[in-house]
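Work through the exercises below with the sequence and the 3D view open. Try each task before reading its solution.

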Amino acid sequence: MDYKEVYEQWLSNPYFDEATKEELKNIAEDDNEIKERFYMDLEFGTAGLRGIIGAGTNRMNIYVVRRATQGLANYIAKVDKKSQGVAIAYDSRHMSPEFAEEAALCLAANGIKAYIFESLRPTPELSFAVRHLGCVAGINVTASHNPPEYNGYKVYWEDGAQITPPHDSGIMGEVKSISDWNTVKTIDKAEAEKAGLFQVIGKEVDDAYMAELKKQVLHMDAIKAEGKNLKVVYTPLHGTGNIPARRILKELGFENVYVVKEQELPDGDFPTVSYPNPEAAEAFELGLKLAKEVDADLVLATDPDADRLGVRVKDKNGEYHDLTGNMSGCLLANYEISQKKAINGSLPEDGALIKTIVTTNLADAIAKGYGVKLIEVLTGFKFIGQQILGFEQSGKGSYLFGFEESYGCLIGTYARDKDAIVATMALCEAAAYYKTQGKTLWDAMIEMYEQFGYYKDAIQSVTMKGIEGLQKIQEIMNSLRQNPPAEFAGHKVVAVRDYKADTITDVATGAVKPTGLPNSNVLYYELTDDAWVCVRPSGTEPKVKFYYGVKGTSLADADEKSDIMGKAVLDMVDSMK
Ligand SMILES: O=P(O)(O)OC[C@H]1O[C@H](O)[C@H](O)[C@@H](O)[C@@H]1O
């Protein structure tokens, strides 16, 4: 069926409600809009479904949510795990509670018990809840850090991580095979409750989650000594972090937590930011203003579903420094690994630090420095979660720390997705610990660079929206594959990794070896002088991402090299637009 036919079907099928039809009738004269909404079904990307809220198969609405849930229910029935139930959470976005309830009612109609949170909760708490309640799966209605017009649907399996093979293709296959909307089930809420298939959850899971976070503290002594002195500015960016982040800090003894008032309460319009992403400088504008007023040691911002944490830290001269996800991830990796070693006397023989392929090589240097294994996975925290499961199943491997450049990390294994609440806690703990030694977090950062090398990494993203944008992104990837660059900013390409073709080609010898990772549309250039460039289409936003990294001899040298590399990357992007 072409997009026009699908559009007509939505208009004529009694299954769809009148408001949806009205919305669709209003675009009858706009062929391009009809095409954008119906030329494809919304697909699972890096982190589940993500799309603009509205009517259409390529949009987020109750029908797309129900169909995805019916596919999940069919898969759960197939693997014979219906009795375990499914946990459901949602964030502060428009339609999030509605979509969550639709998902719960679809599951209930399929005889699967839904455990649905009473109000908004962070993504990591959902991941924890799946494990805690012994559910077979989890659903989180969130579009993470995307702009306000978006919503999304993340799916978790019983280990608490977002779905990876074989469950991802199994579930997606079930969703795709639903062609008749009338096979998508739902029931009344009262009926679902009566049948014991709709259970509201809240406090008990919250308390258990908090208890797990507290178990991750390494230096309660430092918190006791400095918790009352450390000044922290925190913003939940209108999302889910407000209550849990403040609760954990308060219960541990951090007395000076200043919350950015204008961004404290949940609001799906995200009125103070155009883009609620801690990677964007604007997310910190109000936080930094408050930090200067109260002379805070650090500024923390969690994204709307509180799985990612952005960080700014004050140095001894009172200047605030931006920490990228690579920097804060390494700072925490170094703190966690060094202190576990100090406290336990040694690290587990099979301890591992896990990062994604687009994450800084400083992580490799840290792992090497502590003699622990470094594991690289594709982009997506789900692949870090998958490694933890692998350790459990094989009995080999101990998880030390895992992080990504995009501000996600996890301490401990109580959850299997990145957790900005535990990261908030650990950064405050690390700040308290370094304060007991007369150091700031920025001092610790510089010490780490001195020990392991001045690595600097950055990213340039180019937004290309709609069908045309998608094609353009494919053209960029194709053109790079056909004409491999020989150098970037004077750094020669030593090897080309093509994760789609599963090849690593040594440029000098022509020798080819496999990447060792699943297929993915990613190109990675290993360059001379420890530099690198990587290109991949985003799986959550209409963007192509250019990541790059350099290694300098000092902070200033790394900055300069990074600027030059950034310019070379931008020139390349411009020439391809
Ligand atoms: O780069 P994208 O595909 O848009 O994904 C953006 C981010 O999405 C999730 O948060 C993943 O866990 C991250 O690994 C990823 O960096």
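**Exercise 1. Contacts of the ligand**

How far is an oxygen atom of the ligand from an N or O atom in the side chain of Thr540?

Solution. The model is a predicted one.
Step 1: find the side chain of Thr540 and pick its N or O atom; an oxygen atom of the ligand is 2.5 Å away.
Step 2: turn to Ser538, where a polar side-chain atom lies 2.5 Å from an oxygen atom of the ligand.
Step 3: do this for Lys545, whose side chain has an N or O atom 2.7 Å from a ligand oxygen.

**Exercise 2. Cysteines**

Find how many disulfides the structure holds, and explain the case of Cys135.

Solution. Step 1: recall that a disulfide is a covalent bond between the sulfur atoms of two cysteines.
Step 1: the cut-off for such a pair of sulfur atoms is 2.5 Å.
Step 2: the closest cysteine sulfur to that of Cys135 belongs to Cys106 and is 16 Å away, so the two are too far apart for a bond.
Step 3: Cys330 is likewise in no disulfide, and its nearest cysteine sulfur, in Cys409, is 11 Å away.
Step 4: the count for the structure is therefore 0 disulfides.
Step 5: check the accessibility. Cys135 is buried at 1% relative accessibility, and Cys330 is buried with a relative accessible area of 0%.

**Exercise 3. Helix α17**

Step 1: look at the ends. Just after the helix, Gly453 has a positive phi of about 120°.
Step 2: list buried residues of α17; among them are Leu441, Trp442, Met445 and Phe452.

**Exercise 4. Aromatic rings**

Which residues form one aromatic cluster with Trp181?

Solution. Step 1: the cluster consists of Tyr7, Trp10, Tyr15, Phe16, Phe38, Tyr63 and Trp181.
Step 1: look for a charge over the ring of Trp181; the charged end of Arg67 sits there, 6.0 Å from the ring centre.
Step 2: find another such case at Tyr524, where Arg497 lies over the face, 3.8 Å from the ring centre.

Notes: Residues numbered from 1 in each chain as written. Predicted model: local features only at pLDDT ≥ 70, side-chain atom pairs only at ≥ 80, totals over all residues. Heavy atoms only, no water. Buried < 20%, exposed > 50% of the residue type's maximum accessible area, 1.4 Å probe, protein only. Helix = DSSP H or I, 4+ residues; strand = E, 2+ residues; numbered from the N terminus. Phe/Tyr/Trp six-rings, centres within 6.5 Å; stacked < 30°, edge-to-face > 60°. Lys NZ or Arg CZ within 6 Å of the ring centre and 35° of its normal. Polar contact = N/O pair within 3.5 Å; in protein donor to acceptor, adjacent residues only side chain to side chain.
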